[in-house]
Amino acid sequence: MADLPDVPTLLEAAVEALGGRGREGQQTMAEAVASAVEQREHLVVQAGTGTGKSLAYLVPAIRRAVETKKPVVVSTATIALQNQLIDRDLPRLATALKPLLPREPTFAVLKGRRNYLCRNRVQSGAEEEDTELFDPRQLSSLGRQVARLHEWADDTLTGDRDELVPGVSDLAWRQVSVGGNECMGARVCSFGQECFAEFAREATGGVDVVVTNHAMLSIDMAQGYHILPEHDTIMIDEAHELVDRATSVATGVLSERAVSTAAKRASRLVEPGISERLAECADGLALMFSEVGEGRLDHMDEGLAGAIAAVREAAAACVTAIGPNPGELDPDAASDRRLALAALEEVREAAERVLESYESPLRDRTEVVWLAKTPSRPPALNVAPLGVGGMLREKLFGDRTVVLTSATLTLGGDFTALARQWGLGREVGQEAAEGGEEAHRAEGEPRWRGLDVGSPFEHARSGILYVARHLPKPGRDGLSPDYLDEIAELIEASDGRALGLFSSMRAAQQATDELRERLEQPILCQGEDSTGRLVRRFSEDERACLFGTLSLWQGGDVPGSSLQLVIVDRIPFPRPDDPLASARQRAVSAHGGNGFLSVSATHAALLLAQGTGRLLRSTEDRGVIAVLDPRLATAGYGGFLRASLPPYWGTTDPQVVRSALRRLAEKADEGERKPAA
């Protein structure tokens with residue numbers, strides 16, 4: 001193959017063809033990605049909003065794939081970015097690069113099997129055991145949704161859940177889909193030649209770029225076999241979400257419903273007495289759940305431990321009774337067997353993990369167990385790893401080059417906090433001062449380099465970081481009158497145009513209810529409509545405000561004068577009773593580390609950076625970030641949190657901020673009144 005153009009040449013051609021303009025940070029990042037891939041080193045890149053980081057990693061990724069004839073995997077955290085890459089960025093980029101490469105680059109998307117409709121599941125019908133615990137109103141709605149899915153099954157070409165508009169509930173979708181451990185395999189299934197999941201997987205064969213998500217990537221790492229095509233280079237966008245998504249995949253769940261479902265699936269294959277024993281265990285588990293309080297369980301009650309052990313033994317007995325694969329089975333029998341074994345193994349494994357976690361002293365445990373009780377779901381026992389760094393170090397970084405990127409990766413001013421969570425050791429360049437490269441390599445720590453390419457935004461000129469130092473510390477009983485007064489005065493000064501990011505839905509609703517009576521500006525609240533529609537309404541009405549919680553902290557793109565004020569009610573520390581965060585914090589402290597800084601402050605810094613990043617979405621944007629929690633200015637950890645944010649111009653003077661907001665509002669109004677040219 002003739003020598004390919006270098007990355008700077010390809011990037012320049014791509015930017016020109018796409019009608020954009022070159023950015024220094026984008027060029028720096030693209031060259032660093034190309035170098036990391038060539039040198040087989042891991043790279044961590046912080047690229048601020050507006051950098052054009054997607055293009056900066058896609059161009060070297062495509063060049064690498066074309067040169068080596070091996071695919072490059074791109075993993076994202078959100079469906080929105082996944083769709084953006086597949087539907088917009090990659091098609092345009094492939095067309096732009098085609099004249100400079102030996103052929104037009106190719107790409108495909110791969111999601112988990114559960115995301116695709118299963119024709120065999122549709123044919124066999126919904127299973128009663130999945131629905132018996134729901135009230136008649138839920139079942140009526142479920143029936144209508146499943147009927148619609150059956151109609152859609154005859155028309156869809158992809159079977160991809162994301163293409164179903166409007167969508168359906170998770171419960172309805174489970175009636176027509178299977179997980180990877182439930183699938184009997186294309187060679188056995190009657191619909192193996194018509195399987196949507198297999199079509200999607202086959203489409204990734206031979207392409208240059210495979211786009212997937214962090215959950216699918218984590219499943220691929222955890223399986224004994226690979227779902228993704230063989231690859232040696234991976235680009236992880238939205239890398240700040242990787243640990244949470246990997247933890248979610250690694251979390252086991254034990255519930256009465258799961259045990260009952262496993263028992264009913266097993267009843268088709270084993271003698272009644274064996275499956276009935278497991279069904280009785282489900283009742284015993286539910287009884288013990290009712291007697292145990294929710295939250296983290298550092299010590300296991302004897303009654304609950306006995307109920308869990310009974311589930312483990314009864315599930316194992318069912319597996320033994322089903323026996324080894326007898327060979328040739330008709331498709332229906334093969335499907336029943338696979339579904340039963342999958343449910344039984346899931347229950348048995350979760351019970352085993354829970355019981356094993358208590359075999360070690362509290363200080364040495366590697367997993368945490370908690371009981372979750374919510375009004376909308378039956379109680380469930382969860383078991384999750386305290387960290388996923390070991391798995392990531394071995395399974396992700398071990399035999400490939402990984403580029404991790406996001407707009408928010410430096411917390412407290414460097415990459416250390418997230419690098420530790422990912423299982424990375426010291427950055428290349430640090431080992432010389434800490435024992436030399438040989439010591440670094442001897443510990444088995446993957447080599448990596450960090451790079452912050454900045455942002456095209458002039459944060460100090462475009463944004464003000466206002467900390468309401470004069471307010472009292474936030475309390476536990478909702479927003480105080482002082483906080484509500486502060487929010488009202490800020491919104492009046494900005495004449496709306498405000499995004500309120502609250503630490504809880506309760507606080508967002510309280511602010512909405514009380515301020516609607518006091519303010520003329522319309523206030524939208526998360527939960528009153530779909531988040532997408534609320535964001536559109538907010539962006540279309542310049543005087544509107546939008547209040548909400550977590551999903552608004554991390555998503556939503558509203559450039560222009562519709563958003564000139566971001567209000568944060570309090571520093572977003574994890575809840576003190578959050579079982580996973582509190583256990584991780586305790587574990588770090590028990591081994592001599594700073595648990596608060598490593599877990600709670602890091603969590604808060606990441607969310608704060610994500611939330612305040614909603615303000616500036618284009619180089620023309622201007623506005624104010626108002627953090628009402630005075631601890632950002634007064635507490636010792638405030639410096640760490642502020643160092644995790646871009647370098648906004650800072651103030652604690654409310655009069656300065658309100659004057660600035662009034663000027664911005666007047667300028668925006670003048671822009672609206674100005675006649676079109």
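This is a predicted model: local features need pLDDT of at least 70, side-chain atom pairs count only at pLDDT 80 or more; totals for chains, interfaces and linings use all residues.

Entry 1. I started with valine 73, which stands opposite isoleucine 234 in strand 5.

Entry 2. Next I looked up how the two strands here are joined. Strand 2 (residues 72-76) and strand 5 (residues 233-236) run parallel, with three bridges between them.

Entry 3. Then I checked what packs on the sheet around there. Helix 3 (residues 53-68) does, and it touches strand 2, strand 4 (209-213), strand 5 and strand 10 (401-406). The direction of helix 3 makes about 155° with that of strand 2. Helix 9 (residues 214-222) packs on the sheet too, touching strand 2, strand 4 and strand 5. For helix 9, I noted an angle of about 95° with the direction of strand 4.

Entry 4. In what order do the strands of the open sheet come? I traced seven of them, in parallel pairing, as 3-4-2-5-10-1-11. Strand 3 (107-109) and strand 11 (448-452) are the edge strands, each pairing on one side only. On average, neighbouring strands in this sheet are turned by 15° against each other, ignoring direction.

Entry 5. Last stop was threonine 204, in the loop between helix 8 (196-203) and strand 4. Is threonine 204 buried or exposed? I put it down as buried, because its relative accessibility is 3%, and the cut-off for buried is under 20%. Leaving aside neighbours within four places in sequence, its contacts include Ala108, Leu110, Val210 and Pro229. Val109 is also in contact with threonine 204; their C-alpha atoms are 7.1 Å apart, though 95 residues separate them in sequence.

Definitions and conventions:
Residues are numbered from 1 along each chain as its sequence is written. Side-chain values use heavy atoms; hydrogens and water are left out. Two strands pair if DSSP finds at least two bridges between them. Helices (H or I, at least four residues) and strands (E, at least two) are DSSP runs, numbered from the N terminus. Axes are lines fitted to C-alpha atoms, for helices over the stretch in contact, and angles run from 0 to 180 degrees between N-to-C directions. Contact means heavy atoms within 4.5 Å. Buried means under 20% relative accessible area, exposed over 50%, partly exposed in between (1.4 Å probe, protein chains only).
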